[in-house]
Amino acid sequence: MNLNIARQPLLWFAFLAGFAIPVSTAMQNISAGVLVLFAIFTPEIRQHIGNALRQPLIQACLLMYSLFVLGVFWTDATINDALGMLLKMRAYLLAPLFFAVCTLAPVRQYLLAGFGLGAAITLVLSIGSGLSGTPIIQGVIGDYSVFRTHTYHSTFVSFFACGIAAYWMAGRLPKQWRWPAAITIALCIFDVFFMVKGRTAQVLLLLLLGLLVVLWQGRRGFFIALIAAAVMGPLLYLGSSSLRTGMNMVQSEVQSYDKGDIDTSVGLRLFFHKVAKDLIKEAPVLGHGTGSYKQNYLKNAGDSEVRRSFANPHNDYLWLGVELGVAGMLSLVLVLLATAKQAWNTISAERWLGLVLVCSYGVSTLANSFFTDNITGLAYVLLACALLAGSSFQRKVSL
(Lines give C-alpha, C1' and ligand atoms only; values in the text may rest on other atoms or scores of the structure.)
Protein backbone atom coordinates (compact mmCIF):
# COMPACT_ATOMS: atom_id res chain seq x y z
CA MET A 1 0.00 0.00 0.00
CA ASN A 2 1.52 3.31 -1.07
CA LEU A 3 1.47 5.96 1.62
CA ASN A 4 0.58 8.74 -0.82
CA ILE A 5 -2.52 6.81 -1.89
CA ALA A 6 -3.45 5.86 1.69
CA ARG A 7 -2.86 9.35 3.11
CA GLN A 8 -6.41 10.63 3.45
CA PRO A 9 -8.06 7.37 4.60
CA LEU A 10 -5.29 6.93 7.20
CA LEU A 11 -5.88 10.40 8.59
CA TRP A 12 -9.64 9.93 8.77
CA PHE A 13 -9.31 6.62 10.60
CA ALA A 14 -6.83 8.21 13.00
CA PHE A 15 -9.41 10.95 13.60
CA LEU A 16 -12.12 8.33 14.16
CA ALA A 17 -9.89 6.37 16.56
CA GLY A 18 -9.52 9.49 18.72
CA PHE A 19 -13.14 10.58 18.33
CA ALA A 20 -14.40 7.13 19.37
CA ILE A 21 -12.57 7.10 22.72
CA PRO A 22 -15.24 9.13 24.58
CA VAL A 23 -18.07 8.15 22.21
CA SER A 24 -18.26 4.55 20.92
CA THR A 25 -16.65 1.21 21.77
CA ALA A 26 -17.53 -0.34 18.41
CA MET A 27 -16.09 2.62 16.49
CA GLN A 28 -13.04 2.54 18.76
CA ASN A 29 -12.30 -1.13 18.02
CA ILE A 30 -12.96 -0.85 14.27
CA SER A 31 -10.88 2.30 13.71
CA ALA A 32 -8.01 0.98 15.84
CA GLY A 33 -8.11 -2.27 13.86
CA VAL A 34 -7.86 -0.33 10.60
CA LEU A 35 -4.82 1.58 11.95
CA VAL A 36 -3.19 -1.80 12.61
CA LEU A 37 -3.79 -2.78 8.98
CA PHE A 38 -2.23 0.48 7.79
CA ALA A 39 0.84 -0.25 9.93
CA ILE A 40 1.20 -3.78 8.53
CA PHE A 41 0.56 -3.08 4.85
CA THR A 42 2.14 0.35 4.39
CA PRO A 43 5.94 -0.01 3.89
CA GLU A 44 6.66 3.59 4.94
CA ILE A 45 5.00 2.91 8.29
CA ARG A 46 6.10 -0.69 8.69
CA GLN A 47 9.78 0.30 8.57
CA HIS A 48 9.33 2.16 11.88
CA ILE A 49 8.04 -0.85 13.84
CA GLY A 50 11.60 -1.89 14.69
CA ASN A 51 12.32 1.55 16.11
CA ALA A 52 9.04 1.45 18.02
CA LEU A 53 10.15 -1.79 19.65
CA ARG A 54 13.11 0.06 21.19
CA GLN A 55 10.87 2.53 23.03
CA PRO A 56 10.44 2.04 26.84
CA LEU A 57 6.64 2.39 26.65
CA ILE A 58 6.34 -0.28 23.96
CA GLN A 59 8.74 -2.65 25.71
CA ALA A 60 6.77 -2.31 28.95
CA CYS A 61 3.46 -2.97 27.15
CA LEU A 62 4.87 -6.07 25.46
CA LEU A 63 6.37 -7.33 28.71
CA MET A 64 3.02 -7.08 30.46
CA TYR A 65 1.27 -8.86 27.60
CA SER A 66 3.98 -11.55 27.52
CA LEU A 67 3.33 -12.31 31.18
CA PHE A 68 -0.34 -12.90 30.36
CA VAL A 69 0.72 -15.28 27.56
CA LEU A 70 2.99 -17.19 29.94
CA GLY A 71 0.23 -17.24 32.55
CA VAL A 72 -1.86 -19.43 30.23
CA PHE A 73 0.52 -22.34 30.99
CA TRP A 74 -0.32 -22.49 34.69
CA THR A 75 -3.79 -20.99 34.82
CA ASP A 76 -6.60 -22.75 36.64
CA ALA A 77 -9.11 -20.89 34.45
CA THR A 78 -10.98 -22.39 31.50
CA ILE A 79 -9.35 -21.99 28.11
CA ASN A 80 -12.16 -19.63 27.09
CA ASP A 81 -11.50 -17.36 30.08
CA ALA A 82 -7.75 -17.41 29.46
CA LEU A 83 -8.09 -16.58 25.77
CA GLY A 84 -10.72 -13.97 26.61
CA MET A 85 -8.20 -12.21 28.86
CA LEU A 86 -5.56 -12.26 26.12
CA LEU A 87 -8.09 -10.76 23.72
CA LYS A 88 -9.08 -8.09 26.24
CA MET A 89 -5.42 -7.05 26.65
CA ARG A 90 -4.68 -6.95 22.90
CA ALA A 91 -3.98 -3.18 22.86
CA TYR A 92 -0.66 -3.82 24.62
CA LEU A 93 0.34 -6.42 22.02
CA LEU A 94 -0.55 -4.03 19.20
CA ALA A 95 1.19 -1.06 20.83
CA PRO A 96 4.24 -1.18 18.47
CA LEU A 97 1.93 -0.85 15.46
CA PHE A 98 0.03 2.08 16.98
CA PHE A 99 3.32 3.74 17.85
CA ALA A 100 4.66 3.25 14.32
CA VAL A 101 1.50 4.80 12.82
CA CYS A 102 1.85 7.74 15.21
CA THR A 103 5.36 8.51 13.96
CA LEU A 104 3.53 10.44 11.24
CA ALA A 105 2.86 13.92 12.63
CA PRO A 106 -0.52 14.40 10.88
CA VAL A 107 -1.74 11.06 12.30
CA ARG A 108 -0.94 12.25 15.81
CA GLN A 109 -2.65 15.55 15.19
CA TYR A 110 -5.78 13.98 13.71
CA LEU A 111 -6.06 11.40 16.52
CA LEU A 112 -5.79 14.05 19.23
CA ALA A 113 -8.14 16.39 17.33
CA GLY A 114 -10.67 13.57 17.02
CA PHE A 115 -10.48 12.93 20.76
CA GLY A 116 -10.96 16.64 21.42
CA LEU A 117 -14.04 16.85 19.21
CA GLY A 118 -15.56 13.70 20.72
CA ALA A 119 -14.99 15.01 24.24
CA ALA A 120 -16.39 18.44 23.30
CA ILE A 121 -19.59 16.91 21.90
CA THR A 122 -19.87 14.75 25.01
CA LEU A 123 -19.44 17.84 27.19
CA VAL A 124 -22.09 19.90 25.38
CA LEU A 125 -24.64 17.07 25.37
CA SER A 126 -24.03 16.29 29.04
CA ILE A 127 -24.49 19.87 30.20
CA GLY A 128 -27.47 20.36 27.86
CA SER A 129 -29.22 17.22 29.12
CA GLY A 130 -28.44 18.15 32.71
CA LEU A 131 -29.80 21.67 32.45
CA SER A 132 -32.92 20.40 30.72
CA GLY A 133 -33.29 17.50 33.15
CA THR A 134 -33.52 15.06 30.24
CA PRO A 135 -31.00 12.17 30.42
CA ILE A 136 -29.86 10.71 27.08
CA ILE A 137 -28.23 7.39 26.16
CA GLN A 138 -26.25 6.38 29.32
CA GLY A 139 -27.59 9.15 31.54
CA VAL A 140 -30.08 8.97 34.39
CA ILE A 141 -31.63 11.67 36.56
CA GLY A 142 -28.81 13.21 38.58
CA ASP A 143 -26.04 11.63 36.50
CA TYR A 144 -25.99 13.11 33.01
CA SER A 145 -23.22 11.10 31.38
CA VAL A 146 -23.86 10.55 27.69
CA PHE A 147 -22.04 7.98 25.55
CA ARG A 148 -20.16 6.35 28.42
CA THR A 149 -21.01 5.63 32.05
CA HIS A 150 -19.91 8.30 34.51
CA THR A 151 -16.51 6.74 35.30
CA TYR A 152 -15.36 6.88 31.66
CA HIS A 153 -17.22 10.10 30.89
CA SER A 154 -15.60 12.12 33.67
CA THR A 155 -12.15 10.68 32.98
CA PHE A 156 -12.20 11.66 29.31
CA VAL A 157 -13.74 15.10 29.94
CA SER A 158 -11.08 15.73 32.60
CA PHE A 159 -8.29 14.76 30.21
CA PHE A 160 -9.83 17.05 27.59
CA ALA A 161 -9.72 19.95 30.06
CA CYS A 162 -6.10 19.17 30.94
CA GLY A 163 -5.21 18.97 27.25
CA ILE A 164 -6.57 22.46 26.56
CA ALA A 165 -4.80 23.82 29.65
CA ALA A 166 -1.49 22.18 28.69
CA TYR A 167 -1.43 23.61 25.17
CA TRP A 168 -2.42 27.03 26.53
CA MET A 169 0.35 26.99 29.15
CA ALA A 170 2.86 25.89 26.52
CA GLY A 171 1.95 28.92 24.40
CA ARG A 172 0.63 26.78 21.58
CA LEU A 173 -2.90 28.20 21.46
CA PRO A 174 -3.51 31.20 19.19
CA LYS A 175 -4.39 34.33 21.16
CA GLN A 176 -7.94 34.43 19.79
CA TRP A 177 -8.59 30.93 21.18
CA ARG A 178 -7.66 31.70 24.78
CA TRP A 179 -11.06 32.92 25.98
CA PRO A 180 -12.89 29.98 24.33
CA ALA A 181 -10.29 27.70 25.93
CA ALA A 182 -10.87 29.20 29.39
CA ILE A 183 -14.64 28.84 29.00
CA THR A 184 -14.28 25.23 27.86
CA ILE A 185 -12.10 24.32 30.87
CA ALA A 186 -14.67 25.94 33.16
CA LEU A 187 -17.45 23.95 31.48
CA CYS A 188 -15.48 20.72 31.96
CA ILE A 189 -15.16 21.46 35.68
CA PHE A 190 -18.87 22.31 35.85
CA ASP A 191 -19.79 19.08 34.06
CA VAL A 192 -17.65 16.82 36.24
CA PHE A 193 -18.75 18.42 39.51
CA PHE A 194 -22.38 19.31 38.83
CA MET A 195 -23.74 17.18 35.97
CA VAL A 196 -22.04 13.78 36.38
CA LYS A 197 -21.41 11.61 39.41
CA GLY A 198 -17.99 10.18 40.17
CA ARG A 199 -16.09 11.01 43.34
CA THR A 200 -12.71 9.78 42.10
CA ALA A 201 -12.84 11.87 38.91
CA GLN A 202 -13.96 14.98 40.79
CA VAL A 203 -11.01 14.94 43.17
CA LEU A 204 -8.61 13.82 40.47
CA LEU A 205 -9.53 16.63 38.07
CA LEU A 206 -8.47 19.26 40.61
CA LEU A 207 -5.26 17.37 41.35
CA LEU A 208 -4.41 17.03 37.66
CA LEU A 209 -5.01 20.72 36.96
CA GLY A 210 -2.83 21.51 39.97
CA LEU A 211 -0.14 19.16 38.64
CA LEU A 212 -0.18 21.02 35.32
CA VAL A 213 0.40 24.33 37.08
CA VAL A 214 3.33 22.85 39.02
CA LEU A 215 4.87 21.37 35.84
CA TRP A 216 4.40 24.73 34.13
CA GLN A 217 5.73 27.04 36.85
CA GLY A 218 7.79 24.78 39.11
CA ARG A 219 8.06 25.91 42.74
CA ARG A 220 6.01 29.01 42.03
CA GLY A 221 3.34 26.79 40.47
CA PHE A 222 3.23 24.69 43.63
CA PHE A 223 2.17 27.71 45.70
CA ILE A 224 -0.28 28.84 43.00
CA ALA A 225 -1.85 25.36 43.03
CA LEU A 226 -2.12 25.39 46.84
CA ILE A 227 -3.84 28.78 46.83
CA ALA A 228 -6.19 27.72 44.02
CA ALA A 229 -7.04 24.51 45.90
CA ALA A 230 -7.71 26.47 49.09
CA VAL A 231 -10.14 28.70 47.20
CA MET A 232 -11.71 26.28 44.72
CA GLY A 233 -11.99 23.28 47.04
CA PRO A 234 -14.46 24.81 49.53
CA LEU A 235 -16.39 26.58 46.75
CA LEU A 236 -16.87 23.37 44.80
CA TYR A 237 -17.71 21.40 47.94
CA LEU A 238 -20.35 23.92 49.02
CA GLY A 239 -21.70 24.42 45.50
CA SER A 240 -21.77 20.83 44.28
CA SER A 241 -24.41 18.67 45.93
CA SER A 242 -22.97 15.73 43.95
CA LEU A 243 -19.57 16.17 45.60
CA ARG A 244 -21.02 16.68 49.09
CA THR A 245 -23.32 13.69 48.75
CA GLY A 246 -20.48 11.57 47.42
CA MET A 247 -18.09 12.48 50.22
CA ASN A 248 -20.71 11.97 52.91
CA MET A 249 -21.66 8.64 51.32
CA VAL A 250 -18.05 7.46 51.47
CA GLN A 251 -17.91 8.07 55.20
CA SER A 252 -21.29 6.43 55.77
CA GLU A 253 -20.49 3.38 53.63
CA VAL A 254 -17.12 2.83 55.32
CA GLN A 255 -18.89 2.83 58.69
CA SER A 256 -21.51 0.42 57.31
CA TYR A 257 -18.75 -1.87 56.04
CA ASP A 258 -17.14 -1.93 59.48
CA LYS A 259 -20.51 -3.06 60.84
CA GLY A 260 -20.78 -5.87 58.29
CA ASP A 261 -22.89 -4.19 55.57
CA ILE A 262 -20.87 -4.95 52.44
CA ASP A 263 -23.39 -4.33 49.66
CA THR A 264 -22.72 -0.62 49.09
CA SER A 265 -20.53 1.10 46.50
CA VAL A 266 -17.58 1.57 48.87
CA GLY A 267 -18.31 -1.62 50.79
CA LEU A 268 -18.22 -3.73 47.64
CA ARG A 269 -14.88 -2.24 46.61
CA LEU A 270 -13.42 -2.95 50.04
CA PHE A 271 -14.77 -6.50 49.79
CA PHE A 272 -13.32 -6.96 46.28
CA HIS A 273 -9.94 -5.74 47.50
CA LYS A 274 -9.98 -8.04 50.51
CA VAL A 275 -10.80 -11.08 48.38
CA ALA A 276 -8.12 -10.15 45.84
CA LYS A 277 -5.48 -9.76 48.55
CA ASP A 278 -6.40 -13.17 49.98
CA LEU A 279 -6.07 -14.70 46.51
CA ILE A 280 -2.66 -13.07 46.02
CA LYS A 281 -1.48 -14.60 49.30
CA GLU A 282 -2.44 -18.04 47.96
CA ALA A 283 -0.13 -17.68 44.92
CA PRO A 284 2.11 -14.62 45.39
CA VAL A 285 4.89 -15.59 42.96
CA LEU A 286 3.17 -16.79 39.78
CA GLY A 287 -0.46 -15.97 40.55
CA HIS A 288 -3.39 -18.17 39.61
CA GLY A 289 -2.82 -17.71 35.88
CA THR A 290 -4.30 -15.76 33.01
CA GLY A 291 -8.08 -15.27 33.14
CA SER A 292 -8.37 -16.92 36.55
CA TYR A 293 -9.73 -14.04 38.60
CA LYS A 294 -13.42 -14.66 37.97
CA GLN A 295 -13.67 -18.27 39.08
CA ASN A 296 -11.40 -17.73 42.07
CA TYR A 297 -13.37 -14.68 43.13
CA LEU A 298 -16.68 -16.55 42.91
CA LYS A 299 -15.33 -19.19 45.31
CA ASN A 300 -14.96 -16.44 47.92
CA ALA A 301 -17.89 -14.17 47.10
CA GLY A 302 -20.41 -15.86 49.38
CA ASP A 303 -24.13 -16.10 48.64
CA SER A 304 -24.90 -12.42 48.06
CA GLU A 305 -26.42 -11.95 44.61
CA VAL A 306 -24.98 -8.44 44.40
CA ARG A 307 -21.46 -9.61 45.23
CA ARG A 308 -21.59 -12.57 42.86
CA SER A 309 -22.69 -10.36 39.98
CA PHE A 310 -19.23 -8.74 39.95
CA ALA A 311 -16.09 -10.45 38.69
CA ASN A 312 -13.85 -7.44 38.77
CA PRO A 313 -11.69 -6.33 41.73
CA HIS A 314 -11.96 -2.65 40.69
CA ASN A 315 -8.20 -2.37 41.10
CA ASP A 316 -5.82 -3.40 38.32
CA TYR A 317 -2.80 -3.75 40.58
CA LEU A 318 -4.71 -6.39 42.52
CA TRP A 319 -6.17 -7.99 39.36
CA LEU A 320 -2.71 -8.53 37.89
CA GLY A 321 -1.48 -9.68 41.29
CA VAL A 322 -4.16 -12.38 41.44
CA GLU A 323 -3.49 -13.65 37.92
CA LEU A 324 0.26 -13.09 37.51
CA GLY A 325 1.63 -12.61 41.01
CA VAL A 326 4.12 -9.94 42.02
CA ALA A 327 5.60 -9.83 38.51
CA GLY A 328 2.21 -8.88 37.09
CA MET A 329 1.81 -6.01 39.53
CA LEU A 330 5.31 -4.76 38.79
CA SER A 331 4.70 -4.96 35.03
CA LEU A 332 1.79 -2.53 35.37
CA VAL A 333 3.91 -0.15 37.42
CA LEU A 334 6.59 -0.47 34.73
CA VAL A 335 4.10 0.59 32.02
CA LEU A 336 3.37 3.75 34.02
CA LEU A 337 7.04 4.48 34.69
CA ALA A 338 7.99 3.90 31.06
CA THR A 339 5.26 6.28 29.91
CA ALA A 340 6.47 8.89 32.41
CA LYS A 341 10.09 8.45 31.30
CA GLN A 342 9.25 9.00 27.64
CA ALA A 343 6.91 11.86 28.46
CA TRP A 344 9.70 13.63 30.32
CA ASN A 345 11.78 13.68 27.14
CA THR A 346 9.11 15.28 24.95
CA ILE A 347 8.30 18.94 24.38
CA SER A 348 6.29 20.90 26.94
CA ALA A 349 2.59 20.28 26.23
CA GLU A 350 3.04 16.60 25.32
CA ARG A 351 5.37 16.12 28.30
CA TRP A 352 2.81 17.53 30.70
CA LEU A 353 -0.09 15.62 29.16
CA GLY A 354 1.89 12.37 29.21
CA LEU A 355 2.50 12.82 32.93
CA VAL A 356 -1.17 13.75 33.46
CA LEU A 357 -2.16 10.53 31.65
CA VAL A 358 0.14 8.50 33.91
CA CYS A 359 -1.19 10.11 37.10
CA SER A 360 -4.81 9.89 35.97
CA TYR A 361 -4.64 6.19 35.19
CA GLY A 362 -2.24 5.29 37.99
CA VAL A 363 -4.61 6.72 40.60
CA SER A 364 -7.94 5.84 38.94
CA THR A 365 -7.02 2.20 38.57
CA LEU A 366 -6.81 1.92 42.36
CA ALA A 367 -10.62 1.97 42.35
CA ASN A 368 -11.38 0.93 38.75
CA SER A 369 -10.03 -1.49 36.17
CA PHE A 370 -8.72 0.99 33.64
CA PHE A 371 -5.86 -1.05 32.17
CA THR A 372 -7.72 -4.34 31.88
CA ASP A 373 -10.81 -2.68 30.42
CA ASN A 374 -11.07 -2.58 26.62
CA ILE A 375 -12.33 1.02 26.48
CA THR A 376 -9.80 2.67 28.77
CA GLY A 377 -6.94 0.24 28.05
CA LEU A 378 -7.05 0.92 24.31
CA ALA A 379 -7.51 4.64 25.02
CA TYR A 380 -4.35 4.66 27.16
CA VAL A 381 -2.23 3.04 24.45
CA LEU A 382 -3.58 5.26 21.66
CA LEU A 383 -3.27 8.51 23.62
CA ALA A 384 0.19 7.62 24.93
CA CYS A 385 1.42 6.81 21.43
CA ALA A 386 -0.07 10.00 19.99
CA LEU A 387 1.59 12.11 22.69
CA LEU A 388 4.98 10.40 22.77
CA ALA A 389 5.79 9.12 19.28
CA GLY A 390 6.72 12.51 17.86
CA SER A 391 9.90 13.01 19.87
CA SER A 392 10.98 9.37 19.88
CA PHE A 393 12.33 9.35 16.34
CA GLN A 394 15.26 11.44 15.19
CA ARG A 395 14.27 11.26 11.55
CA LYS A 396 11.16 13.33 10.87
CA VAL A 397 8.42 11.62 8.89
CA SER A 398 5.80 13.56 6.99
CA LEU A 399 2.86 12.64 4.82
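Predicted model: local features only at pLDDT ≥ 70, side-chain atom pairs only at ≥ 80, totals over all residues.
Colleague: Are Tyr 293 and Tyr 297 buried or exposed?

Modeller: A residue counts as buried when its relative accessible area is under 20%. Tyr 297 has 0% relative accessibility, and Tyr 293 has 0% as well. Tyr 293 is therefore buried, and Tyr 297 is likewise buried.

Colleague: Is the ring pair of Tyr 293 and Tyr 297 stacked or edge-to-face?

Modeller: Planes under 30 degrees apart count as stacked, whereas those over 60 count as edge-to-face. The ring centres of Tyr 293 and Tyr 297 are 5.7 Å apart, with the planes at 15°, so the pair is stacked.

Colleague: What kind of aromatic pair do Phe 271 and Tyr 297 form?

Modeller: By the ring-pairing rule, the model holds 15 aromatic pairs. In the pair of Phe 271 and Tyr 297, the centres are 6.4 Å apart and the planes make an angle of 75°. Angles over 60 degrees are the criterion here, and the pair is edge-to-face.

Colleague: How many residues apart in sequence are the parts that the pair of Phe 271 and Tyr 297 ties together?

Modeller: Phe 271 belongs to helix 15 (residues 265–282), while Tyr 297 belongs to helix 16 (residues 293–300). The pair therefore ties together parts whose separation in sequence is 26 residues.

Colleague: Which residues do ring pairs link into a cluster?

Modeller: Phe 271, which is buried at 9% relative accessibility, is one of the members. The cluster linked by ring pairs consists of Phe 271, Phe 272, Tyr 293, Tyr 297 and Trp 319.

Colleague: Is Phe 73 buried or exposed?

Modeller: Phe 73 is located in the loop between helix 5 (56–71) and helix 6 (79–88). Together with Val 69, Leu 70, Trp 74, Val 285 and Leu 286, Phe 73 makes a nonpolar surface patch of about 610 Å². Its relative accessibility is 70%, so Phe 73 counts as exposed.

Colleague: How far apart are the end C-alpha atoms of helix 11?

Modeller: Helix 11 (residues 178–195) has 18 residues, which should span 26 Å at 1.5 Å a residue.

Definitions and conventions. Residues numbered from 1 in each chain as written. Heavy atoms only, no water. Phe/Tyr/Trp six-rings, centres within 6.5 Å; stacked < 30°, edge-to-face > 60°. Helix = DSSP H or I, 4+ residues; strand = E, 2+ residues; numbered from the N terminus. Buried < 20%, exposed > 50% of the residue type's maximum accessible area, 1.4 Å probe, protein only. Patch = residues over 30% accessible without salt bridge, like charges linked within 9 Å, V, L, I, M, F, W, Y side chains within 5 Å. Areas by Shrake-Rupley, 256 points an atom, 1.4 Å probe, with all protein chains shown as cover. Salt bridge = Lys/Arg side-chain N within 4 Å of Asp/Glu carboxyl O. Expected span 1.5 Å × (residues − 1).
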